[in-house]
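Subject: Handover of a structure and notes on its contents

Dear colleague,

Please find below the sequence and structure that I am handing over to you. My notes on what was found follow directly after.

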Amino acid sequence: MKILKQAKGLLYGLLIPFIVYIFFGVLRPRVFLTGGLSTLYTILVQSITTCILGWGMHFSMTVGSLDFSIAAEMIMYEIIATIFYHMGGFLPMVLGTIACSFLFGMVKAFVKELIAVKSMVLGLALTYIIASIGEVLSTNRNTVIGTDATMLAGPPFNFIILIGTGLVMWYLLSRSRFGAHARAVGGNAVLAKSAGINEHVIGFEASMVGSVFAGIAAVFTLSRGAGVTAQNGLASIGSAFSALMCVFIAMFIGKYVSATVGIYIGAVTMSIISIGLVSIGFDSELNSTVTSAFLLILMTYTILTETRLADKVRREVAAARIRKDSSN
Amino acid sequence: MKKMRKVLAGLLTGAMVLSMAAFTASAEDVELVNFKMGYFDTGSQDGTTVPLRNNLVAAIESLGAEGVSVQPAGNTPDDYLDALDTLISQGVDAIALPWVSFMFAGTPAAVKKCEDAGVYYGFYWGVDVETLGEDTLAFCQDSDHFMGCFYQQENDAAYAAMETLHNYGCDKVGYIGLAASNELQENSRDYGVLKACEDFGMEILVEQRDQNVTTTAEGGATTVENFLTAYPEMQGIVIAGNTQFVMPGIDQVITSKGLTDFKVAAIDFPDAMETYAQDGVLVYDAGAHVTGPVYLTILAANAMNGTPLITKGQSFNQQYIKLTSSEEIEQWVSIADEIVYNTDELLQCLQVVNPEFDVEAFDEMVRNYSYADIMARHHAE
Amino acid sequence: MGTVLLKADHIYKSFGATKAVVDFSVEIMSGEVRGFIGENGSGKSTFSSMVAGVYKRDDGTMQINGREYVPHSTVEASDNGIALVVQEAGVIAEISGACNIFLNKESRFSGKLGIDFNEMNKAAAEALKKVYSEHVDPTIPCSMLNLEDRKLIEIAKAMCDDPQLLIIDETSNALTTRGREILYKVIRDVKARGGSVLFITHDLDELVEVCDSVTIMRDGHYITTLPKEEMIIKRMRELMVGREMSDNYYRADTVKSYEEEVVLRADHLSAPEINDVSFELHKGEILGIGGLSDCGMHDLGKALFGAEKLDSGSVVLADGSHITDPKMAVEKRIGYMSKNRDTEAIILQYPIDENICIPSLARLVRNGIIRSREERELSRTWADKLSIKLRSIHSYCATLSGGNKQKVVLAKWLGNESRILIMDCPTRGIDIGVKEAIYRLMQDLKKEGVSIVMISEELAELIGMSDRIMVMKDYSISKILDRSADLTEKTVIEYMI
Amino acid sequence: MNATKAENGFNWQRMVLKLYPFFVLGLLLIFFGVLTKGTLFSSRNIKNILESSFQYLIGCMAALFIFAQGEQDFSMASNIALSAILAAMISKTSVPLALVVALVSGIAVGCACGFLYARLPIPVFFLTMCIANVIAGFLGPMTNYQSVKTPVSMLNLDNTNLKLLVAVIFAVIIYVIYNKTTYGKYSRAIGASPVVARLSGINLSRYKFAAFVFTGIAAGIVAFFSICKSGGASKATGTMFHFNVMVAMALGGATTGGPKVKFRCAVIGPLIISVLTLGMNLARIPVGMQNLMKGVLFLAVMVLSDRLSRFDVD
């Protein structure tokens, strides 16, 4: 029975990307319908980076500390990956970067919990610092890797990375103590504390997950792009926004689909829109416009239905009280 | 045959410059005026900015000047104008202005600031003097501080890029580039591309000018994938900007898809250009126009030492290094990191050291900038 | 009767100036359902929270089955087999019922592939079944459940580890009959299993039906423990409220006295928790409103101030205008002192002087500008008039004691020259000294013609201060009693319960 | 009776907390003053500091109300770009009209955000982020990706003294409104506790709406002076404006809403950034290190202001 419920939920979840796909399919049948298979493959691959970043951001957002510095962190790990590549080739590149993301992730998470200021400016300050570390690391270094190290971008490795990271995310989200405790702290930190859950430990772990996922995303992005250029200042915030959009889309279809799948559906929807816009000759910068308008409407609808539901519950209890007392 | 002619020309000018050096007094006994040369430095580590910076710093030292750099707070025109104020307030005597950063807005304002401050100034990566527009010309037309504009024949470079693609049979192409500059100027990459389309019957299927995408390698990969998905009939791509960012991604996608007859022609040199040529993806690249600020420093040094080469700002046509085959690309890459003009050559460009050197010789030097010229001057053994 | 389960000796606990529990000793046997009764602020909730590890005690010792027991957190308490179901919301709304029940106990279900949430949901359903609440779905977020179901989840959480001692703190008033029936069955189960229950409630009938014995507390002191046979409601009430009435505490006069002029008329008000209420408020009158804490009197208070949207009916002033929102009420010189003072009446992280001046700012504007001199003057005069003990007029309200915070709220509304004051539990959780000052102030205001609506859960206060007492039960008025010398709390309680 | 006596006992501590942002600015001035051997204080450099901080002074002062309410307005960047483009288009016909157009367009976008903020129960940073993206989408096609030039005569409007005058006038007006009228006081109350504010007779939606009108006006002013300064407007005008405003306010001591958002935060914050940026360039700090220093300083000042505010009596 449970499988059926999940399958039905998945169908609902897939409704949004399906509608968007059909919309562009009508405009450009050649690209989306007849030539559908290769387009679909491209869409699924292109959404992997944004999806992994979205997964990374999910937990720190659940705990209530929105952190944009994850994008700058990804670029820094890409630069570190090129350094490892030039030192020892493919394997050191992958393992070295993941190890670095652990180490740096710990330092960053420790600093964040030490400062314990719940404001977006903390993320901005970290972005400045991480971006300039990236710049210093890439000064007069060859930040391009050879094709012998870019096999991760091609099949089957790209889907292995997606599914592998997805399984880790699924485990953390729906099978781990950390996931349950993160949602509890995000809901009501005081009640969680009285049940013995330490808010700072959960914050630390959430930030660590973000950093490690940024490391994984970095290895994949570097394999796809085969090169990286440090972006100074706040230039990297753009990709953090698109990851944030996926997390929001996942929130809306949260009733039907778990966040793990929801965020990937969000990422796929956004790459359908970006390919769609290119195929009808629009500037891909409209991508964020279309997604934002879309999210605004969806969020208004969700919040309005929620407030109506809460009011209904309140009236129901009151009416029950009157019925009960008039009876005895 | 064409290649032979070029090598010959390089040898001739190299000999000429060397011979001149023999007659003039040696550099040591002339006391050079120490002046401050201002320039912008975003700290970017990409393949075009690094050689530009290295050449400029070397030139400043050779000409006995002091380099003053400033990092703009952002990349809006206002940020660059604030950075310009910072340079002026540090008492710089001359400033190298990147026209591209003021292309959108701020050219007249920048020129006005330099005029009010009485510093020598000139544009590189720009357009010729007339195309600056009459607002700007009103300030700098007849000023003796205006050192003119160093421009490249953008349209020729773009035209040659398209021509190479045409020769490879790639007539349906995608376009990746910077945001469109104002009215389509005659000397612009877009103009060259459109002209080539008419002449060779080629077609631009789609354009990608979104700076958030074209400034990352993965963005390059995504763009090419989108192009090929939306326009399977596409045969090649012309890149008119941000090549240093997108090229790695493009090469990666094309080689992994095994599209052997899909060709890319670009302007601006990316890192590791030789691999893209060996992969058979990159067939044409015009770039290494990294000596604009060096020429401006030479003009400034002459002016500061009391022997200005020019009295009125004029245009100098700076040459692109046009590489049309993987051999040429490999040759160029072998000497790409070298400093284009060493100290002696630069000192020879000062009238105070070498009286015969005049604006014609300077213009000649600017025009002759090519692979052969460098080989002749530095590797003539 | 079985061994001694919980032994508490000479327990002391105070919050700042308020002495909540004073030299309190009690023994609870295993297999016993012990009731705890006492007026608000008698210390019963404080004591039970100390047993459940929510507060640490200042002094005294506690033993469980003879072993020393010093709980630092609710988790430690539940390890010792002690579970607590609190009055306020104890459930995290964003997560599912199952996650709430097994909060921080998830590792109990760790299978080979991490935690098996299906197992946890099954166990939660089991726990709910154990407390006769199969109708509650443990898999959906608690935000989708109504208040009663959320309380049942809390009960299931308390019961899932079969506690030796179950403490229920005034939970029954959040439950409907169905919920209460479930609660009584759960209590009987605990007793049958040999465990004990500590049951705190206002509902004396419920007490008699469920408890084996009852301990009575007053002002933090232990009064007595009555066995089952002596648990007569009349006697319990006397012991609960039987402190000698200090005469000068409340109003000396014993006759209702107010002017004929009606300053406010409630005309058939109805809302989710208000059922067709109509009454009139006269100039210079203190209208007391009493009843159980969920009889709807608090919502009525908010409705009068325009802070609660009415389904039908209207609040009409002498000049005929209808109150629709708080902004208008403040302009019409009405003041509202909310029951939850720290979240609805005063801004803690905000300077005292600015707290006092917020409602009056609109009045202080002279051609668009508020002169800080006037603002300082207003806040200084009222701070002095009410003699608020403060370090500096600019310091935050969070630094003040409970009584002084209430004075700031009073200063806030008197500063706005309010003619009508709606006071919701004005002396709740306030030490006797400030209580007396507030009562005297109310009498001064009454003389100046200010009309006061005093909503209170303390009968003595209602009888002592009100010209008329409007008793409410289940969202409507059950009786209006006039002030008189022989009016006693027993008569008032008749109409309340 | 004893309220006044206790008052002066705490003056020195409150003074420290009141003036702490000035300390940070003072420290920076001394540090870079020494490092640049005094050139930082040359009249031209002081002019540079005022010049580069002008747009953020206006932006921060107008954003005081939003920050006091504990919210953020991400739409300012696109608002400035839109107003600048419209003003640049009109500037060919008449310059004063361009100023009017800039202000009107700024206020219009502000009102739209204000209306939605007051009506829809959506977290503001998300609402304004979406509005910003929606507006940004139209800028490209509107100018078909090119810049709109303004007549050269407007360049002489771009002198620092005029801007200083405008900034001072704007500062006086905002100071009075923020400290002396209900708009400022109510905004701080709403930021500290919206529930108590409502129950104290404040019409929440009116003051939420008003807060966005202020940022709209600021966007108009900044847009106009931006086209005067750079002689044109494009999609790129005003990028990252809001992030810099947020950082400036945090440096000024306003990390969260409520009473801690003081007028001085909006003045000190932008000056700190300008002194820092200019100081680092004058002191020839290597480019790679500049952003690192900026990030580290932001963290340090933010932690300082957060810890100080925890036992901030005032």
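**Chain B**

In chain B, buried residues make up 59% of the 381 residues. Please note that this is a predicted model. The secondary structure of chain B consists of 16 helices and 12 strands. Of the contacts in chain B between residues at least 6 apart in sequence, 83% join residues at least 24 apart.

The contact between them draws 11 residues from domain 1 of chain B and 13 residues from domain 2 of chain B. On the side of domain 1 of chain B that touches domain 2 of chain B, four residues are nonpolar, five are polar and two are charged.

**The nonpolar core**

In soluble globular proteins, nonpolar side chains tend to be buried together. Here the largest nonpolar core has 468 residues, and those with the most contacts inside it are Ala161(B), Ala300(B) and Met249(D). Leaving aside residues up to four places away in sequence, Ala161(B) touches Val238(B), Ala265(B), Ala266(B), Ile267(B), Tyr284(B) and Ala286(B).

**Contacts between chains**

Five pairs of chains touch, and the most contacts among them are between chains A and B. That contact takes 37 residues from chain A and 33 residues from chain B. On the side of chain A that touches chain B, two or more residues each come from helix H3 (36-63), helix H6 (120-138), helix H10 (199-225) and helix H12 (259-279) of chain A. H3(A) gives the largest share of this side, five residues. By class, the side of chain A that touches chain B has eight nonpolar, 24 polar and five charged residues.

Between chains C and D, the contact involves 35 residues from chain C and 27 residues from chain D. At least two residues of the side of chain C that touches chain D are supplied by each of helix H10 (326-331), helix H11 (341-345), helix H13 (361-364) and helix H14 (372-385) of chain C. The residues of this side of chain C comprise 21 nonpolar, eight polar and six charged.

Chain B and chain C, by contrast, do not touch, and their nearest C-alpha atoms are 35 Å apart.

Chain C is divided into domain 1 (4-241) and domain 2 (247-496). A distance of 34 Å separates the C-alpha centres of domain 1 of chain C and domain 2 of chain C.

An open sheet of six strands in chain C has the order S17-S18-S19-S15-S20-S21, with mixed pairing. Strand S17 (334-337) and strand S21 (476-482) of chain C are the edge strands, each pairing on one side only. On average, and with direction ignored, neighbouring strands of this sheet are turned by 15° against each other. Helix H9 (residues 297-304) of chain C packs on the sheet, where it touches S15, S17, strand S18 (420-424), strand S19 (451-455) and S20 of chain C. The direction of H9 makes about 150° with that of S19(C).

Individual pairings can be followed across the sheet. S17(C) and S18(C) pair in the parallel sense over four bridges, with Gly335(C) opposite Leu421(C) in S18(C). S18(C) also pairs with S19(C) in the parallel sense, over five bridges, and here Leu421(C) stands opposite Ile452(C) in S19(C). Strand S15 (residues 286-290) and strand S20 (residues 468-473) of chain C run parallel and are joined by four bridges; Leu287(C) stands opposite Arg468(C) in S20(C).

In a regular strand the side chains alternate between the two faces of the sheet. Both faces of S18(C) are covered: Ile420(C), Ile422(C) and Asp424(C) are buried on one side, and Leu421(C) and Met423(C) are buried on the other. Five of the five residues of S18(C) are thus buried.

**A residue in chain D**

Leu35(D) lies in helix H2 (residues 11-35) of chain D. Why does Leu35(D) count as partly exposed? Leu35(D) has 16 C-beta neighbours inside 10 Å, and a residue is buried at 20 or more, exposed at 12 or fewer, and partly exposed in between. The C-alpha atoms of Leu35(D) and Gly279(D) are separated by 8.4 Å, although the two residues are 244 residues apart along the chain.

With kind regards

Definitions and conventions:
Residues are numbered from 1 along each chain as its sequence is written. Chains are lettered from A and ligands numbered from 1 in the order in which they are written. This is a predicted model: local features need pLDDT of at least 70, side-chain atom pairs count only at pLDDT 80 or more; totals for chains, interfaces and linings use all residues. Two residues are in contact if their C-beta atoms, placed from the backbone, lie within 7 Å. Ala, Val, Leu, Ile, Met, Phe, Trp, Tyr, Cys and Pro count as nonpolar, Asp, Glu, Lys and Arg as charged, and the others, Gly among them, as polar. Domain bounds come from an automatic or database domain assignment. Two strands pair if DSSP finds at least two bridges between them. Axes are lines fitted to C-alpha atoms, for helices over the stretch in contact, and angles run from 0 to 180 degrees between N-to-C directions. A nonpolar core is a set of buried Ala, Val, Leu, Ile, Met, Phe, Trp, Tyr and Cys residues joined through C-beta atoms within 7 Å.
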